[in-house]
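Here is a short briefing on one protein model. Look over the structure first, then read the points below.

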Amino acid sequence: MTHDLPRRDLPRHAPRRRGLLPEPLLRLLAHEARVFESFGLWITRRRHQVGPVDRAFGYASPQAATVYGLAFVCVVETAGVSFLVRPWPAVHAAMFVLDLYTVLLVLGMQAAAVTRPHVLTPDTLRLRAGARIDLVVPLDHIVRVRGELRFQGAGAQTPDDVLDLAVGSQISLTVELSEPVTYVRLLGGRREVRTVRFHADESAELVKALRAAAAA
């Protein structure tokens, strides 16, 4: 007959599944998986987790020209590098795969932004920035919402309790909260925020919808 060992008797070197990879690396891998998942949603013209009674508000327009321009530059660079390293087949293959992955990742940024819009549900406002940020704000936490178009310069400083979700350096709405919500960074860091400044392509419509929800 065999008996299970108590936990205290297990070898100290017993592997831990969750400790095989550091959390920041796991979060980066999960982020890239979400980016590539967005291609499927983009091709099939679907949106990520938008329910039948929810309202979706896009925000990707201000960055579209920059993303497509960057993708074009990457394609030109891929062609140039491919020509230069043609005499070395192994290097040529490695560089081609790397450059192709870069182009897909750049286009995936736009796919994620298009397919993961902001979502207004009966109870929450879900603010997103592609596959990178997903912040859920309870509607009963919102005390003030206002439309204000502003452009952020490089290196702009914001208070610790303010979260800026600029798109193409552009912000069009500000939401102030009665209670803080937790913002989780890409690599897992957390901070409490009481004000969120973000962009929506139809910002006036979102302001109306939020005020109507507050009144209800």
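The accessible surface of the protein comes to about 13800 Å². Carbon and sulfur atoms hold 59% of that surface. The model is a predicted one.

**Overall make-up**
- The protein has 216 residues, and 35% of them are buried.
- Four helices and eight strands are present.
- Along the sequence, the elements run α-β-α-α-β-β-β-β-β-β-β-α.
- Among contacts with a separation of 6 or more, 68% join residues 24 or more positions apart.

**Nonpolar surface patch**
- A nonpolar patch lies on the surface, with about 610 Å² of accessible area together.
- Its members are Leu 20, Leu 21, Leu 25, Leu 26, Leu 28, Leu 29 and Leu 187.
- Leu 20 sits in the segment before helix H1 (23-43).
- The relative accessible area of Leu 20 is 64%, so this residue counts as exposed, the cut-off being over 50%.

**Packing of H2 and H3**
- Helix H2 (residues 61-84) packs with helix H3 (residues 89-115) at an angle of about 175°.
- The two axes are 10 Å apart.
- Because the angle is over 145 degrees, H2 is roughly antiparallel to H3.
- On the H2 side, the contact is made by Gln 63, Ala 64, Val 67, Tyr 68, Leu 70, Ala 71, Cys 74, Val 75, Thr 78, Val 81 and Ser 82.
- On the H3 side, the contributors are His 92, Met 95, Phe 96, Asp 99, Thr 102, Val 103, Val 106, Leu 107, Met 109, Gln 110 and Ala 113.

How values were computed:
Residues numbered from 1 in each chain as written. Predicted model: local features only at pLDDT ≥ 70, side-chain atom pairs only at ≥ 80, totals over all residues. Heavy atoms only, no water. Patch = residues over 30% accessible without salt bridge, like charges linked within 9 Å, V, L, I, M, F, W, Y side chains within 5 Å. Areas by Shrake-Rupley, 256 points an atom, 1.4 Å probe, with all protein chains shown as cover. Salt bridge = Lys/Arg side-chain N within 4 Å of Asp/Glu carboxyl O. Helix = DSSP H or I, 4+ residues; strand = E, 2+ residues; numbered from the N terminus. Buried < 20%, exposed > 50% of the residue type's maximum accessible area, 1.4 Å probe, protein only. Axes fitted to C-alpha atoms, helices over the stretch in contact; angles between N-to-C directions. Parallel < 35°, antiparallel > 145°, perpendicular 65-115°, else oblique. Contact = heavy atoms within 4.5 Å.
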